[in-house]
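Visitor: I am new to this structure and would be grateful for a guided tour. May we look at it together?

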Amino acid sequence: MSTPHLLLGLLATGTMHGYELKRAHDSRLPQARPLAFGQVYATLGRLQRDGLVASTGPERLAGPDRTAYTLTEQGRATLDQWLSSVEPPMPYVNSPLFTKVVVALLVADVDRARAYLVAQRRAHTERLRELTALKTAPSATVDDVVAADYAIAHLDADLRWLHTTLDRVADWHREVHS
Amino acid sequence: MTQLQARGLVKSYGPTPALRGITVDIGEGEIVAVTAPSGCGKSTLLHCLAGILRPDAGEVSWRGHRLDTWSEAARSRLRRTEFGVLFQFGQLVAELTAAENVALPLLLAGTGRRAARTAALTWLDRLGVADCADVRPGEMSGGQQQRCATARALVTEPRVLFADEPTGALDTLAGEQVLTQLVRLAREQHTSVVLVTHEPRIAAYADREVVLRDGVIDHTGLGLDAPLAGGSR
């Protein structure tokens, strides 16, 4: 995830304090990995150093840090460029799941790899059910549904891979040890 | 209370076994997904549970009464009054409008024409396709047709709904809308659902999953209560 660009995007909606940015992040990306305050301030510091945001100066009246941040012209240009650029579609085939099966086949046997695949499949299935319950709850917002959809589609893809790999693991093991 | 109970179901088509000893219970209001790769007997299991097919061996009980030994007429009556069935391709009657299609099971069960139409309109509205009431299937999208078929399957307020790949012919979003409404309405009226699918993301709508492989329940499969690997019960 690109935290700097996300913060630039949030600031494009108006000047904000660090804690307001954190709150805006949490409400727009409800299922995301939590964003620590420290990370918000560290990122803002770098954005300010690079001239992408400007601080409007601390108000010394309240709180430890009441500095507000504004997007600069240069910041807006950087944001526009990021929005227009396509992300590289999976340039490397990299996944902890994939790596774990490779290592299991190297250091153990086909049963070990299979046991892992089955256990992972079950964990994925449980998470799939959790997210499906979340998005179908009557209280679900579009934010919730869209976030859950993203995760569901990826879990679904992983599950398909786990299924087919379970069917191929014996052949794969033979190839690794031939 | 257990609605449906299958014990040791065996069913073959000629020399090809489809079910090789299946035991499963479906509780009241429970939504159970039956998943398997293609050709592993899931539709056969659904048809045996619904009393459409008779197993070669084993028993199917409906609320404590064996139904596999009943006559075709008795099983057919049970299907009309207590069961709802939904297939992959809605199988609406092409010559009838949506409202007429949905009213059909009620008319067959002896409900008056006016009451049947009122109920049909209510169910079309619940499924979000009230606009289609006077439209024939040929003029509807696949998603609209499947919602009408869902209304038709639920209009008799069945105790069990059998759904065989109900979203198989729909795009992701349309399929999801059909399923979300189906599950919500089933829960509201405590209808049990037997949901046959080969897609994990569809099975995730269920409370529980029964995984078949080569005609038997695969204990190493996706069921949350399954032991890790190579286990047997």
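Visitor: In which helix of chain A does A:Leu47 lie?
Guide: The model before us is a predicted one. In chain A, residues 37–49 form a helix, and A:Leu47 falls within that stretch. The helix in which A:Leu47 lies is H3 of chain A.

Visitor: Is A:Leu47 buried or exposed?
Guide: A residue is buried if 20 or more other C-beta atoms lie within 10 Å of its own. A:Leu47 has 23 C-beta neighbours inside 10 Å, and therefore it counts as buried.

Visitor: Which residues have the most contacts inside the largest nonpolar core?
Guide: In soluble globular proteins, nonpolar side chains tend to be buried together. Here the largest nonpolar core has 80 residues, and its largest share, 6 residues, comes from H7(A). Those with the most contacts inside this core are B:Val34, B:Val102, B:Leu124, B:Val194 and B:Leu195.

Visitor: How are H3(B) and H5(B) oriented towards each other?
Guide: H3(B) spans residues 98–108 and H5(B) spans residues 142–154; their axes are 7 Å apart and the packing angle is about 25 degrees. Angles under 35 degrees count as roughly parallel. H3(B) and H5(B) are therefore roughly parallel to each other.

Visitor: How many residues of the contact of H3(B) with H5(B) are nonpolar?
Guide: H3(B) contributes B:Ala98, B:Asn101, B:Val102, B:Leu104 and B:Pro105, while H5(B) contributes B:Cys148, B:Ala151 and B:Arg152. Of these residues, 1 is polar and 1 is charged. The number of nonpolar residues is 6.

Visitor: Which element gives the most to the side of chain A that touches chain B?
Guide: In this interface, 15 residues of chain A are in contact with 11 residues of chain B. Helix H6 (110–136) and helix H7 (142–176) of chain A are the elements that give two or more residues to the side touching chain B. By class, that side has 6 nonpolar, 3 polar and 6 charged residues. With 12 residues, the element that gives the most is H6(A).

Conventions. Residues are numbered from 1 along each chain as its sequence is written. Chains are lettered from A and ligands numbered from 1 in the order in which they are written. This is a predicted model: local features need pLDDT of at least 70, side-chain atom pairs count only at pLDDT 80 or more; totals for chains, interfaces and linings use all residues. Axes are lines fitted to C-alpha atoms, for helices over the stretch in contact, and angles run from 0 to 180 degrees between N-to-C directions. Helices (H or I, at least four residues) and strands (E, at least two) are DSSP runs, numbered from the N terminus. Angles under 35 degrees count as roughly parallel, over 145 as roughly antiparallel, 65 to 115 as roughly perpendicular and the rest as oblique. Two residues are in contact if their C-beta atoms, placed from the backbone, lie within 7 Å. Ala, Val, Leu, Ile, Met, Phe, Trp, Tyr, Cys and Pro count as nonpolar, Asp, Glu, Lys and Arg as charged, and the others, Gly among them, as polar. A nonpolar core is a set of buried Ala, Val, Leu, Ile, Met, Phe, Trp, Tyr and Cys residues joined through C-beta atoms within 7 Å. A residue is buried if 20 or more other C-beta atoms lie within 10 Å of its own, exposed if 12 or fewer, and partly exposed in between; C-beta atoms are placed from the backbone.
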